[in-house]
Amino acid sequence: SNPLHRQVHQDMQQPLCHYFIASSHNTYLSGDQLLSQSRADMYARVLQAGCRCVEVDCWDGPDGEPVVHHGYTLTSKILFRDVAETINKYAFIKNEFPVILSIENHCSIQQQKKIAQYLKEIFGDKLDLSSVSTGDPRQLPSPQDLKGKILVKV
């Protein structure tokens, strides 16, 4: 057999939209989507397993603190801040390609501002705040360009 066939070459210079992205749905849940526990450590687990897009369902929580849980169910609630801190800690341990936060936003303006504050505070320079015009997908940056960056999709 040809030893070159054992090498994998992945061209990571194409626009982001040219790739399939390993994504997680209801990332925070440790079990079923009606009754299970929401846990920040689920983000650590999926990020280290190679997932590059995680879901964060945000809702208004008590004391002005946004929470993450599966809305209109009996799943437990965790603080958005704890989720962001866990993602920050584990995002790039096994993989330096960008992480996309798929935020499902159900929050009041006041708590959305709190989420924005936490994103900037916790992720710092890792947070990619460059605005991308949606006109031409060929103009999107590549995974190579976005190494070490956190992207937000709402």
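Author: Y72 is exposed, with a relative accessible area of 78%, where exposed means over 50%, buried under 20% and partly exposed in between, computed with a 1.4 Å probe on protein chains only. The model is a predicted one, in which local features need pLDDT of at least 70 and side-chain atom pairs count only at pLDDT 80 or more, while totals for chains, interfaces and linings use all residues. Residues are numbered from 1 along each chain as its sequence is written, and side-chain values use heavy atoms, with hydrogens and water left out.

Y72 belongs to the one aromatic pair that the structure holds. Rings of Phe, Tyr and Trp (for Trp, its six-membered ring) are paired if their centres lie within 6.5 Å, and the pair is called stacked when the planes are under 30 degrees apart, edge-to-face when they are over 60, and tilted for the rest. The centres of the W59 and Y72 rings are 5.2 Å apart and their planes stand at 85°, so this pair is edge-to-face.

The two residues are 13 apart and the pair links distant parts of the chain, with W59 in strand β1 (residues 53-59) and Y72 in the loop between β2 (67-68) and β3 (78-79); strands here are DSSP runs of E, at least two residues long, numbered from the N terminus. W59, at 12% relative accessibility, counts as buried, whereas Y72 is exposed.

Between β1 and β2 lies a loop that contains D63. D63 has a positive phi of about 60° although it is not a glycine, and D63 is exposed, with a relative accessible area of 76%.

Notes: Helix = DSSP H or I, 4+ residues; strand = E, 2+ residues; numbered from the N terminus.
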